[in-house]
Amino acid sequence: MRKKNGRGTQVGTRLTPVTALSGFRGAITFIFILSGVVNVLALTGAFYMLQIYDRTLASQSVPTLLALSALAIGLYLIQGVLDVLRSQILVRLGAKVDVELAPLAHKVSIDMPRFGFSTTEAMERGRDVDTLRGFLGSQGPIALFDLPWMPIYLAFVYLLHPWLGVAVFAGALILACLTLITEILTRRLSQATHQAGIVRQTIADSHARNSEVLHAMGFAGRAVERFTVANAEHISLQTRTSDITGTFAGLSKVLRMILQSAVLGLGAYLTIMGDLSAGAIIAASVAAARALAPIDMAIGQWKNIVSARRSYQRLGDTLSTLDDAPDPVQLPAPTRSLKIERITVATPSTGSVVLGDISLELTAGEALGLIGPTGGGKSSLAKAITGVWPLVRGAVRLDDADVEQWSPNELGKHIGYLPQEVCLLDGTIGENISRFAKNPSSGEILAAAKAAGVHEMIVRLPQGYQTELGPHGSALSAGQRQRIGLARALYGNPFLVVLDEPNSNLDVEGDAALTEAIRNIKARGGIAMIIAHRPSALTCVDKVGVIQNGKLAAYGTKDEIIHGQQPNKQVARMPASPGSTESAPAAASASNVMQKPGGKEWPIHQAS
């Protein structure tokens, strides 16, 4: 994902896994040094065997045996404590990285659907943080921290005898080659497995969201079959990946055992030839096993290492889209006008242009109704104005200031938005109306509810404003959700209120409340934009725009557009952008009527 601002320029980076981990550079350095100490102490067994076989047995000294044993036990205990400390530090490091990255990853997850990504792909970013945290608390990082200290063991074995050192080095080289081959063979399969997992989860999420339709119309069985196919593909790829990693993990264990036996055999030969002591044989075997253990552990953890690396890269790519620009100067609340200047809008998922060269202007106290055929671009215009979809070209201005000059949080205070599909969050009615404000004002919540005409309905509920809505607001009917969504849009008296099909699920009482809410927006000096198919939503609008085939086909007062009264023909012409001498005429439609729901027609009178 590449998030761009309204001018098409990529925004700067903010916090990535690299910068998050660099913040714990001291802890990582400490773990690395600690790993060195642990690896040095791991030579205790080799030295102990060397002393026992070469000195204690030869001297037959029990006090020497007891002293060496006590020293070895003490060193083993210190090694164990440091090993536990290293693991605990890594676990806490993973937790701190999660605390740093999880909120940012969630912010990106919220933004991703606006740019055409599926919900499953968006939620993957949160799982990436979980994967990274889980990896840091596993044995994988320990293997990676131990690898740089392998030369200690190789040097120790080499000092016992050069031939033994060469043998252990050759074994380590072979295991390293196995690790490289595992990486080459599993890289593409791991990526394909991940993508297949996303496809499977996307299908599962889609079926869960549409469970009522699947059950009511009897194609749940076919939905299960569709999921089964996607699941089988994912399992097949996952099995192939696991087969490769499992095969090479088993092979590495066999080779490690062969190498240990080879070291013992070679040591025995050198002892027979008088070039090595008996104790050195055991010491070399112990040191060789310890030298190869990190490679063996890395191969066994390779699946987790690959998953963590993939998550790390994805987090780096997605978190880099967050805006690192300094907070803009806080502008005064808009009070005068909304100007849309020659905007072009493309669907984020496909990149296809759905709106081209749209311009219009509204002043405080005006309401605009947008009508047009289904798929003409009305909802796309609403998403562009509210900032849900980025602009390809043009600008949306509040009081002549480009909305890009506001931070999203500040801009949101001045905009109320009721989308076509009303989604309420899992929480109480009061929390949803207040947009989950930290310290919401009860007076503002009540004012918004009364402005939407929903206060009486809410207080009749057993828990009133404290009623828990459940996932997606499932505790309420579609009409109730729409009216609470309207109250949420009106919370805080925003200057610009955009309502997309606000009466699609309303009864007569709801329609009357909506009309009154629009009147109140105009009366307090706000601007309302209503997208509608039902005429009742346009009762108190001042202007009407016809969106057809991605163009503003007609624009003027309600009387001029709906009833054909044209005292001033210039009104129906689209306003040109500032500085332009052109005036874009209203596009001629193939027909002067447009179908309304129920087979009725809008009489659209286009100005010449």
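Helix α5, residues 119-136, and helix α8, residues 162-209, have axes that come within 9 Å and cross at roughly 120°. Axes here are lines fitted to C-alpha atoms, for helices over the stretch in contact, with angles from 0 to 180 degrees between N-to-C directions. The two helices are therefore oblique to each other, as angles under 35 degrees count as roughly parallel, over 145 as roughly antiparallel, 65 to 115 as roughly perpendicular and the rest as oblique.

This is a predicted model, in which local features need pLDDT of at least 70 and side-chain atom pairs count only at pLDDT 80 or more, while totals for chains, interfaces and linings use all residues. Residues are numbered from 1 along each chain as its sequence is written, and side-chain values use heavy atoms, with hydrogens and water left out.

On the α5 side, T120, E121 and E124 meet H194, I198, Q201, T202 and D205 of α8; contact means heavy atoms within 4.5 Å. By class, the residues of this contact are one nonpolar, four polar and three charged.

Next, S252, in helix α10, residues 220-272. Buried or exposed? S252 is buried, at 1% relative accessible area, where buried means under 20% and exposed over 50% (1.4 Å probe, protein chains only). Beyond its neighbours within four places in sequence, S252 contacts L175, L178, D296 and I299.

Last, strand β9, residues 543-548. Five of its six residues are buried, so β9 is largely enclosed by the rest of the structure. β9 pairs with strand β3, residues 367-371, in the parallel sense over four bridges; pairing takes at least two DSSP bridges. G369 has V544 as its bridge partner in β9. With strand β10, residues 551-557, β9 pairs in the antiparallel sense over six bridges, and V546 stands opposite A554.

How values were computed. Ala, Val, Leu, Ile, Met, Phe, Trp, Tyr, Cys and Pro count as nonpolar, Asp, Glu, Lys and Arg as charged, and the others, Gly among them, as polar.
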